[in-house]
Amino acid sequence: MGLPGAQDKDKRRGQGRGPGPWRVIAESALGITGFVLAWGLASATISNATLLPAPAKVYAALIEMVRTDIAVDIAVSLAHLGTGYAIGITLGLLMAILAVRFAAAGTVIEPMVEVLRPISAIAWIPIAILMFGVSDAVPVFLIAYAAAFPIFINTLDGIRRLDAALLDAARSLGASPNFVTLRVVLPGALPYAMTGARLSLGLAWMAMVAGELVGADAGLGWRIMWYQEFFAMDKVMAIILVIGVLGFLADVGLRGLQRALLHWNPVEP
């Protein structure tokens, strides 16, 4: 019979571990199969390839694009996403730290965020095009804007949930404000920041597609508009599926990073 503390620790670890990999794979395969079957049934019922092409036709279009130029569009979109996401995450973290560290900064930043946060990145497309023209800067700007707010909100919440005793202990031992920020505050808020990073990533993908649809001259979103002009809806659907798969893989990678960074935190928020 083990010690009560050890049993509680094991129990918490079991709760934070989640389902095994084979179960996740099986559930994902079941979900994809159901989606494809429903899609095929809907396509057969509508019987309009322009409105809703059949899965087999979309698959053939995808294979054709893989052999031609879709890799270039994927690379361009990932460059837009990576640049804008990095800017947005950095900006959100800095704003959260400033809002907590300096009371005057907090009184300015928090109301500003609450005013801007409900405004969709899509609403800024006309202004972004006026500022940057049709260029890579438009989707990057929109992605950074969309990504900044979720991580700001979550990081700020994580910082404010820190145990005051930890901060008092660090200060009583003579730790400088910078040391407390880097070694106590940020690690303590990291679980919340990672949750915010995942939320930011989802919004970043949506902003990327919207920005490329009308404000860029390359990328997956731009390619959707290109094929739509020719009513090639099988290729439009293929690119939409590519975006979904890439977004899923990006989230899987971020979850892996989350587990690696938070191995000390068995129960994530």
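This is a predicted model: local features need pLDDT of at least 70, side-chain atom pairs count only at pLDDT 80 or more; totals for chains, interfaces and linings use all residues.
Reader: Why is His80 called buried?
Author: Buried means under 20% relative accessible area, exposed over 50%, and partly exposed in between, with a 1.4 Å probe and protein chains only. His80 has 3% relative accessibility, so it counts as buried. Across the 269 residues of the chain, 36% count as buried.

Reader: What makes the pairing of the His80 and Glu212 side chains a polar contact?
Author: A polar contact is a pair of N or O atoms within 3.5 Å; within protein, one must be able to donate a hydrogen and the other to accept it, and residues adjacent in sequence count only if both atoms are side-chain atoms. The two side chains are joined at 2.6 Å. The His80 side chain also makes a polar contact with that of Asp136, at 2.9 Å.

Reader: Which residues does His80 touch, leaving out those up to four places away in sequence?
Author: Contact means heavy atoms within 4.5 Å. On that basis His80 touches Asp136, Pro139, Val140, Ile143, Met208, Glu212, Ala216 and Ala218.

Reader: Where in the chain is His80 found?
Author: His80 lies in helix 4, residues 70-101. Helices (H or I, at least four residues) and strands (E, at least two) are DSSP runs, numbered from the N terminus. The chain has eleven helices and zero strands.

Methods: Residues are numbered from 1 along each chain as its sequence is written. Side-chain values use heavy atoms; hydrogens and water are left out.
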